[in-house]
Amino acid sequence: MKPPKFEYHAPRTVDEALALLGRYGGDAKVLAGGQSLMPLLNFRLARPAALVDLNRIPSLAFIEESGGRVRLGAMTRQRTIEFSPVVAQRLPLLKEATRWVGHLPIRTRGTIGGSIAHADPSAEYPAVLTALEGEVVARGAKGERVIKAADLFQTYLTTTLTPDEILTEVRLPAMAAGAGYALEEFSRRHGDFAIIGIAAVVVRDGQRCKTARLATAGAGPVPVRLRAAEEILERDGLGEAAIEAAARKATELVDPDSDIHASADYRRHLTGVLTKRALVRAIGVARG
Amino acid sequence: MTDPRSVGPAALPRLVGARVARREDPRFLTGQGSYVDDHRPARLLYAAFLRSPQAHARIVAIDASAALALPGVTAVLTGEEIARASKPVRAASKTPAVKVTSFPPLALGKVRHVGEAVAMIAAENRYVAEDAVERIVVEYEPLPLITDMERALEAASPLVHEEAGTNLLVAREFARGDVDAALASAAVVVRERFRFHRHTAICMENRGCLAEYATGSGTLTLRSSAQCPGIVRDVLTDLLDMPEHQIRVIAEDVGGGFGAKASLYPEEIATCVMARRLGRPVKWIGDRREDLLATTHAWDEIIDAELGLDRDGAIVGLRAQVTADIGAYSIYPWTAAIEPVQTISFLPGPYRVPTYRGRTRGVATCKTPLGPYRGVGRPPAVFVIEGLMDRAARRLGLDPTEIRLRNFIRDEDFPYKSPSGIVWDRASFTASLLRAREAMDYDAVRAEQARARAAGRWLGIGVASYVELTGIGSAIPVAPGVPIATGTEAATIRVDPAGKVTAVFGVASHGQGLETTLAQIVADEVGVPIEDVRVLHGDTALSPYGTGTYASRSLVLAGGAAIMAGRAVREKMLTIAGHLLEADPADLVPAAGRLAVRGMPDRSVTVREIARAAYTGVKQLPKGLEPGLEATRFYDPYYGTASNATHLAVVEVDRATCHVSVLRYLVVEDCGRMVNPLIVDGQVHGGVAQGLGAALLEEIVYDEHGQLLSGTLMDYVVPSACEVPWMEVHHLETPSPVTLGGFRGMGEGGTIGAPAAIANAVADALAPLGVEVAELPVTPERIFRLVSRGP
């Protein structure tokens, strides 16, 4: 488990990094926190000619709030997000999700941009990005573009980012004041990737549901936005029957795969169970 | 003879029985351990192995020219080349139960499992070595697959070992009385097909070895992460055709073994051959992928069992058949028999079983070889017998603890000979169960369970009682028929002229704290403070003849040898002191660091003065007394001794997610006289953690092509600190009547009891649904299927 030979670059600016990516014409990999890429290299499953390390680019690590949204630099560590007052106040769902990411040493190195660009469908951040209808900023040789969550994830470990692009920023709309939220997750062991995870946000007006947002982790090749389940709540309110119906609908909206930890049937079952739990908890903490 | 510690006002406190902090821990915790990979001799080469991607295939050709052409690559070794330098390993057995087969150090002719070593590279560093491995071109011709143990027994099945003429490499039967008649007339018969899946040990330190061949002296030194340096040294002598005194095997600090490092491995042989050929040191450190592919796996058995009882719940007979998937090779020295024979031997458990027939079969398949792992055979055996006892209790309307109390071997039955021929010297079956009930407040927990059930919760209580054989002497070998000496160990205790003690053992500590426990025994016997005792182990050049540490033997055997050698040294010290003080040795009493004449504390001599006299002063020694102050003694406990425990687990199964939470875990264990309760607690904790992994989480999974699907630690799920519950550990101390010191072995017990206790607790939780737990690990997925399907 030693990687094959690769060249290593540690640029100081995004422009330098982009120039390096261009030089290798798609044969270089961007290194963020390294929590997924390093094992892939050691298993020789990834064999890039070069690594372009973003860890020496200070401008990529920040959390800023403006105009009703929060911008997070791609190299912001998960540990920083976990303890950020801005995140706690404006994106409490992201804070809660961060507690489910790996273990302390992993969160200390791991970054939000790395997790999203890696696009493991069992990871928490892609689900949060999807539930909150966030977007990412990609910079390439031809400039900058903004990609919506719904347009980003293609399949397992695959995004619409091109090999000469760098994900530089994650943008999430600030959650409405009083919004209820929850991230429910089931894994075989603490800190593991989700077998199923459900991110939920509920904005309520009494028993009426102004907005519901639901997204999955682990329920297929990409995070699944459970729009038809959200609509049940937005239409029928937040009563027990509506929650049950939304949870049942959720099981119909996913098409999970089987692996050695869980069958597709069991994952579908868990999707319903956790959707219900996430909604009950989110509604419980929602004000308004 | 005078007790060296317990007499006199300034007597040394007795150390055996005290919670002495582990003396090795400061070294480990400050990064000063000395593991194989810490050693980097000059001119070192690094090895990597090419491993088979195929489960069963003929090797048509190997072309290593591109690998050798890579800068930094020194040499390559293939199966054909190594066959000229080493014999194939043949795990011999004197019993007809085992068909002996060959295990070539590198695949020869064909590969028999994914991960089998096919070729070895030695290079300037591991990176280059792995690059070179990728450049070796092997042409394989796929052969028919053999991955299902039951289908491998069919007449038409292809063979793993043509030389055996069958895939059935182990077949053995134990019988007592007419079990068929007993079951035919039993009031109740419960039967089940149990499945205990494949597991592996997962040591923190992966396997590794470092061989150095000194061309000048012709000596070979192998550092290895082995539990059994003596066994490795002995077999290398034969395989490499070198004299025994020219081979030194060192297992200094070893980061966990759990039985998985108690066998000889191909990499050890290949590393020696490469070092000898090149005249340069060669080191191989296995990575985690290699560990999962090529360190022995464990258990993997199907057990069909039937238990008959009379109307009162007394056992009348037990009939069982064990089928074990022993994988591709019969491992040295234990052979393919170790797991299946152990399982069937221990199946009757701590119960009076008047009639028994147990058949066992070990079947070769194209998977990683099966070897010993903490508990060997007994975790599945206890899962089966305890599962049957619970099924019987449910049928008869008895509490699970009550049915056990009615069937335990009673105190008046000892020594009791089990239906498979094991003699239980003395144990505390009834006492341990009663104590566990009391410590848990069992009736209160049952009442709580009733309330939880009424509220729709799935709460369960599981009981498991077991007995194991430890400290095994020469009468019943650890592995029947295996021609190695597992029944004895030795100790050399040397007091130097400064009065300090060095004790050398042939056993090898790999995390058990033997440097502490053996030092406690030595300090007590010689009569010195523990600070004055240094324990050396795991080095065949330093120690008297021994094999190593496995089978819960080291404290009993090495501890017994320490008592004998310590007493011999002590006796000589008294003789010399008596001479120096002109007193009768019988009148001498110990004080701190000295011996004094009884009632005359001023007339005394220090240990240091005695020791100096022993070495330097001819006139200070009684006439005719040989100078020096050391002794070597060998100890053989002959039969071995029982060790037992009762485990109680309380679990809750989440009705919606099927997740199992262990709410309480309680152990009442009896390992005889405890040398160090702190270490006993630690051994229980670690053992239960591994047993919990076996019960709920861990499973080696192959697909139908023999490919390993659980090839990383994301897929092979071992419990982390978050999954291991708080444990309440209670001790009974029934000194063994048959071992020196009254010690019993206890390193494996936690893993033996926990799978059954947790399985029974889950089954108890689900009992209202009418489903049974017959398969471990009982994962959330399996529970989901059980409860979805219903009874």
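Tutor: Start with one pair. The side chains of A:Asp15 and A:Arg139 meet in a salt bridge, at 2.5 Å from N to O. A salt bridge here is a side-chain nitrogen of Lys or Arg within 4 Å of a carboxyl oxygen of Asp or Glu. A:Asp15 lies in helix H1 (residues 14-24) of chain A and A:Arg139 in strand E6 (residues 135-140) of chain A, so the pair ties together parts that are 124 residues apart in sequence. Helices (H or I, at least four residues) and strands (E, at least two) are DSSP runs, numbered from the N terminus.

A word on the basis: this is a predicted model, where local features need pLDDT of at least 70, side-chain atom pairs count only at pLDDT 80 or more, and totals for chains, interfaces and linings use all residues. Residues are numbered from 1 along each chain as its sequence is written, chains are lettered from A and ligands numbered from 1 in the order in which they are written, and side-chain values use heavy atoms, with hydrogens and water left out.

Back to the pair. A:Asp15 is exposed, at a relative accessible area of 51%. A:Arg139 is partly exposed, at 24%. The cut-offs are these: buried means under 20% relative accessible area, exposed over 50%, and partly exposed in between (1.4 Å probe, protein chains only).

Why can such pairs form? Side chains of opposite charge can pair when their charged atoms come close. Over all chains, the structure holds 91 salt bridges.

Now turn to chain B. B:Glu386 and B:Arg404 join their side chains in a salt bridge of 2.8 Å, N to O. This pair links distant parts of the chain: B:Glu386 sits in helix H10 (residues 378-396) of chain B, and B:Arg404 in helix H11 (residues 400-407) of chain B, 18 residues apart. B:Glu386 is buried, with a relative accessible area of 0%. B:Arg404 is buried too, and its value is 0%.

Another pair stays inside one helix. B:Glu130 and B:Arg126 form a salt bridge through their side chains, at 2.8 Å from N to O. Both lie in helix H4 (residues 126-135) of chain B, 4 residues apart, about one turn of the helix. B:Glu130 is buried, at 11% relative accessible area. B:Arg126 is buried as well, at 11%.
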